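Visitor: I have a structure to look at and some questions to ask. Could you show it to me?

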Amino acid sequence: MLNIKTIKNVLVTDESKDGFCFRSSCSQTLKTAKLAKEMADWNSSFTEADYLGMFSVMETIVVKYLAKGYSVELPFGTLRANATGTCANIQDGFTLGTGNHTLGFLFTASAAAAASVKEKLEYKQIPPDITGEAKIYRVTVLKGDASESTELSASEGKILRIHGRNLSFNMEDAEQGVFLENENGLSRMENYARRGTNIVDFTVPASLAAGSYSISIVTKPGNKYFTANIDSEITVA
């Protein structure tokens, strides 16, 4: 089942345009072993083991040609590698694995497959999150090459990144923002490199004493304050 949810479109600033958009997620995953069984049930000329062997060979060949930069045509669509990232100058080169130079993959369904799925699609609308409650999914430390580290140890001037949902807050309200807390008290962060709905980057201040800190973020999307926490602790050296 395809679950479809309505969320606020934070990119829209023109009030004359639709302020909400749809996002979807799959409720289940068809795993390789189940796929092999389905295929064996469909055609008894081959066993599940036969199909699993075919999958292994296909994976080896497809990966080989994706690594060569090919666009690989499958019976139901096309798969290809996709490089992304940014650079300061037009002469700069792409170096996979440095900074934000990353590799992804794009799949485009064939026209026939897309038409068949569209005709048979099973989906349901799930209730929207109308509260706007903030959630923190994970915290990372930005390294010098702009990549992220899950080792939560930082010093003065280091940038920490919060990944989550509904993280926007009003800096003019002293009750809102990112807060670090330990047995000595609560510290509100004042310097930010990025403040978005899903990502917030803040700088460790010089005034913060060494020690371990819990992290929270306080927002107020309406008339009510929300506090989001995470189990992870940050160690300030």
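Guide: A pocket is an open set of grid points with protein on both sides within 12 Å along at least five of seven lines, and its lining residues have an atom within 4 Å of a point. Keep in mind that this is a predicted model.

Visitor: Which residues lie nearest the centre of the largest pocket?
Guide: The largest pocket has a volume of about 1,000 Å³. Its lining holds 28 residues. Nearest the centre are Leu-30, Leu-35, Phe-76, Phe-107 and Val-117.

Visitor: Which element gives the most to that lining?
Guide: The elements that give two or more residues are helix 1 (32-42), helix 2 (48-67), strand 5 (102-109) and helix 3 (111-120). With 7 residues, the top contributor is helix 2.

Visitor: How many residues in the lining of the largest pocket are nonpolar?
Guide: Sort the lining by class. There are 5 polar and 3 charged residues. The nonpolar count is 20.

Visitor: How many disulfides does the structure hold?
Guide: A disulfide needs two cysteine sulfur atoms within 2.5 Å. For Cys-26, the nearest cysteine sulfur is that of Cys-21, 17 Å away, and Cys-26 is in no disulfide. For the structure, the number of disulfides is 0.

Visitor: Is Ser-149 buried or exposed?
Guide: Ser-149 sits in strand 8 (residues 148-149). Beyond its neighbours within four places in sequence, Ser-149 is in contact with Thr-140, Val-141 and Lys-143. Buried means under 20% relative accessible area. Ser-149 has 18% relative accessibility, so it counts as buried.

Key. Residues numbered from 1 in each chain as written. Predicted model: local features only at pLDDT ≥ 70, side-chain atom pairs only at ≥ 80, totals over all residues. Heavy atoms only, no water. Helix = DSSP H or I, 4+ residues; strand = E, 2+ residues; numbered from the N terminus. Buried < 20%, exposed > 50% of the residue type's maximum accessible area, 1.4 Å probe, protein only. Contact = heavy atoms within 4.5 Å. 1 Å grid on protein atoms, 1.4 Å probe; cavity = no way out; pocket = protein on both sides within 12 Å on 5 of 7 lines; lining within 4 Å. Points joined across faces, edges and corners; volume = space filled by probe spheres on them. Nonpolar A, V, L, I, M, F, W, Y, C, P; charged D, E, K, R; others polar.
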